[in-house]
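Subject: Structure handover

Hello,

Here is the structure you are taking over.

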Amino acid sequence: MEMTQTKAHHKRQVVIFIILMLGWAAGSELFQYSVLEETESGTFVANLTKDLGLRMGELAARSARVVFKGNRQPLQFDSQTYDLLLSDKLDREELCGSTEPCVLPFQVLLENPLQFFQAALLIGDINDHAPEFPAGEMLLKISEITTPGKAFPLKMAQDLDAGSNSLQSYIISSNPHFHVLTRNRKDGRKSPELVLDKALDREEQPELRLTLTALDGGSPPRSGTAEIQILVLDINDNAPEFAQEFYEAQVPENSSLGSLVITVSARDLDAGSFGEVSYALFQVDDVNQSFEINANTGEIRLRKTLDFEKFQSYQVDIEATDGGGLSGKCSLLIKVLDVNDNAPELTISSLTSPIPENLPEIIVAVFSVSDADSGHNQQVIVSIDESLPFLLRPSLENFYTLVTERPLDREERAEYNITITVSDLGTPRRHTQHNLTVRVADVNDNAPAFSQPAYTLRVRENNSPALHIGTVRATDADAGANAQLTYSLLPPSDPHLPLASLVAINPDTGQLFALRALDYEALRAFDFQVRAADRGAPALSSQARVRVLVADANDHAPVVLYPPQNASAPCPELLPRAAEPGYLLAKVVAVDGDAGQNAWLSYRLLQATEPGLFGVGAHSGEVRTARPLSERDAPRQRLLLLVRDHGEPPLSASVALHVLLVDGFSQPYLPPPEAPGRAPGAGADEPLTVSLVGALACVSALLVGALLALGAGRLCRRGGAASAGGGSGPAEGGVAGQLLDVGGTGTLAHGYRYEVCLAGGTGTSEFKFLKPILPSFPSQSPGREMEENPTVRNSFLFS
């Protein structure tokens, strides 16, 4: 039964194809190829390259394929020549049943660019089936009063072949009473009828046996036989007669089992048992087994489930028999009504994934849709999500192409899940969905991007070589090799910057390393460019600026500029004994080669000849008297001062300051203890010394007078105090006045700071002049004073 239904299904496909073929005839060329059934697989069918007018190798280059409906693919391409070959033995009866011609439509699909060709494969029949009767024996009951010429229908034989190879005629074994006729039915089948030639005589011969033979038209012909047993009955004047010779009914394919299809009715004019009628299906075969009849009522009901897609109609013969053996027949045509019980089908013929980004209108997939129903139930609508950048385009017959609507961007979206929905127009509607996953292939369309346009790195000086000082990072929105980055240093804009010996970069990670120890005092900062390039084709790159700041380390100790420490005989500072507390004796000047807090200096007094006599400004380095001087204070004082920076760890330097207490210029310098044999003031140098002192006094007086003219108001207020602190004698009064605090700052005269140093043992007196220090006004700051006096001590030498 299943084989017969499959054949009927294929028959319907062929009929549909023939209808479509008539519609295409005006607008498209149809290629037809023929092959006999049962031909061995691999048999040559056609040279498509020649038939389609293509160049040699074009079928392979354009990825040609043959597309049949369903899962079976009767044809295939030769992998070398691309000739069309049979892929399997074909059974025409299995594919088309008794339908003739047996035509299998197919399409030749060419990709790149997309092109369709319509074609059909005609399967020729061979005589490989013999006619077959449904039963090997038939029984007829004929009344002896039946007049010659009466025809008795017989059961038909079946032949699965088609055309001339199908069943053509019937013959009967030789006998004096009957001959057989072959009738052509409306459905195309041939049925036998037994015709009475000579009246029967039950008393002479109550039973006859004849052989019925069915012949096909093959060469040589094939045949099938059945035996007919004829029982001669006594007189039964009337046979049953149906109310209609032809009945017609319609049944929906989804009708439940046992549903009533139709009721037939026959009557017999005889009485008694000869008038009692029973009903039966005249011929029960694989087709009409779907129905059954009630022998008493004539009701025909559904016995098996119907399927419109397999059989659209059934023709059933019904026999009514009376008690005397006489019978009458009628025909019933049952039409199956289609309901929307089949969902649409979608078959993917070609799928491309991944697809490249940045290209327009790429063919992603080629597919076909079909629906086994009919009418509106067969019409379909194909759709996809409108938010996706894809379009559906119908092609020949029921083929569609899925193409990109616009160039895709992998960085925006790397994968699409596309649901193709196919809906028919039946009631209720049925739907089929097919999901496609389409990946987008990357192209190198994004340059690397640094995490920031400029980097500032800090490294402490005196670093160890190969020190990791920082990392630059860039990312690339592409994928694969297009996103793999290589870092490099660009040549510096300053040709004098030895960048190659300062910094190196790891090409894979972007880590920066200092190649050698850096010196803050030599190079405090430098700039360079880093390039990040991907490994795509072509390669794309970007740049970032890197600035390296060298942080200072405390690697320089303070250096004392004043007082100088390298003199063989350091000159002392002169301190008048009349100096008041807070008198500025000297200012220690030191510098530090470092920066920041490493260069912040502080001063402190470590040792002193007279503890408590002097104090040191912690930040200014100014040495001042802390109390008034007394006669008990030693004329010579030695101070040891410490200068220390604020680095970690702190570095320091010490400086010795020699102080000579004087009452005036009468005793500018005491004889050094190293020359005990010499008396103070004795020797040949004394007149020269006196002259030099006098000259110094004159110059000092002139300069002091000029300064006093500029600051007359301030000096007048303190003039009395200056006179009160004069020297010990009238001869020294002019000089001694210049040693007092006449400016209100507690220092020597503001015209010049000076030292008188008598170098013992040389026979030569030296007189050293310092660079003038201008008066300090309240509006001026110590820092300004330092700026104006960068060199604290300059000497002019007179011999």
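**A sheet and its pairing**

Leu30 has Gln118 in β7 as its bridge partner. Before going further, please keep in mind that this is a predicted model.

Strands β1 and β7 (residues 115-124) run in the parallel sense where they pair, and seven bridges join them. They belong to an open sheet of four strands with mixed pairing, ordered β1-β7-β6-β3. The edge positions are taken by β1 (30-36) and β3 (65-68); each has a single partner strand, so one side of each has no neighbour in the sheet. On average, neighbouring strands in this sheet are turned by 30° against each other, with direction ignored.

**The nonpolar cores**

Which residues touch the most other members of the largest nonpolar core? They are Tyr33, Leu59, Leu75, Leu84, Phe106 and Leu121, in a core of 29 residues. Two or more residues come from each of β1, β2 (44-46), β3, β4 (75-77), β5 (84-86), α4 (92-96), β6 (102-110) and β7. The element that gives the most is β6, with five residues.

Setting aside neighbours within four places in sequence, Phe106 is in contact with residues including Tyr33, Leu75, Leu84 and Leu121. Val66, Val67 and Phe68 are also among the contacts of Phe106, as are Phe117, Gln118, Ala119 and Ala120.

There is also a second, separate core of 27 residues, and among its members are Leu497, Tyr520, Ala544 and Ala595.

**Cysteines**

How many disulfides does the count come to? The count comes to one disulfide. Cys96 and Cys102 form a disulfide, with 1.9 Å between their sulfur atoms. The link of Cys96 and Cys102 is right-handed, with 65° about the S-S bond.

Is Cys96 buried or exposed? Cys96 has a relative accessibility of 1%, so it counts as buried. Cys102 also has a relative accessible area of 1% and is therefore buried. Cys330 is buried because its relative accessible area is 3%, and Cys571 is buried because its value is 10%.

**Salt bridges**

The count comes to 25 salt bridges. One of them joins the side chains of Arg92 and Glu93, at 3.3 Å from N to O. Arg92 and Glu93 are both buried.

Arg92 also forms a salt bridge with Asp125, and their closest N and O atoms are 3.0 Å apart. This pair links distant parts of the chain, 33 residues apart: Arg92 is in helix α4, while Asp125 is in the loop between β7 and β8 (137-143). Asp125 is buried, as is Arg92.

A further salt bridge is formed by Asp663 and Arg577, with 3.6 Å between the closest N and O atoms. Asp663 is in the loop between β49 (652-662) and α6 (686-710), and Arg577 is in the loop between β42 and β43, so the pair ties together parts that are 86 residues apart in sequence. With a relative accessible area of 45%, Asp663 is partly exposed. Arg577 is buried, because its relative accessible area is 18%.

Salt bridges with shared partners join Arg92, Glu93, Glu100 and Asp125 into one network.

**Two residues to look up**

Where is Ala579 found? Ala579 is in the loop between β42 (573-576) and β43 (584-587). Its relative accessible area is 8%, so Ala579 is buried. Apart from neighbours within four places in sequence, Ala579 is in contact with Pro628 and Leu629. Along the chain, Ala579 and Leu629 are 50 residues apart, while their C-alpha atoms are separated by 7.1 Å.

Thr213 is in strand β13 (residues 207-216). At 13% relative accessibility, Thr213 counts as buried. Leaving out neighbours within four places in sequence, Thr213 is in contact with Ser169, Tyr170 and Ile171, and also with Ser223, Gly224 and Thr225.

Regards

How values were computed:
Residues are numbered from 1 along each chain as its sequence is written. This is a predicted model: local features need pLDDT of at least 70, side-chain atom pairs count only at pLDDT 80 or more; totals for chains, interfaces and linings use all residues. Side-chain values use heavy atoms; hydrogens and water are left out. A disulfide is a pair of cysteine sulfur atoms within 2.5 Å. Buried means under 20% relative accessible area, exposed over 50%, partly exposed in between (1.4 Å probe, protein chains only). Two strands pair if DSSP finds at least two bridges between them. Axes are lines fitted to C-alpha atoms, for helices over the stretch in contact, and angles run from 0 to 180 degrees between N-to-C directions. A nonpolar core is a set of buried Ala, Val, Leu, Ile, Met, Phe, Trp, Tyr and Cys residues joined through side-chain atoms within 4.5 Å. Contact means heavy atoms within 4.5 Å. A salt bridge is a side-chain nitrogen of Lys or Arg within 4 Å of a carboxyl oxygen of Asp or Glu.
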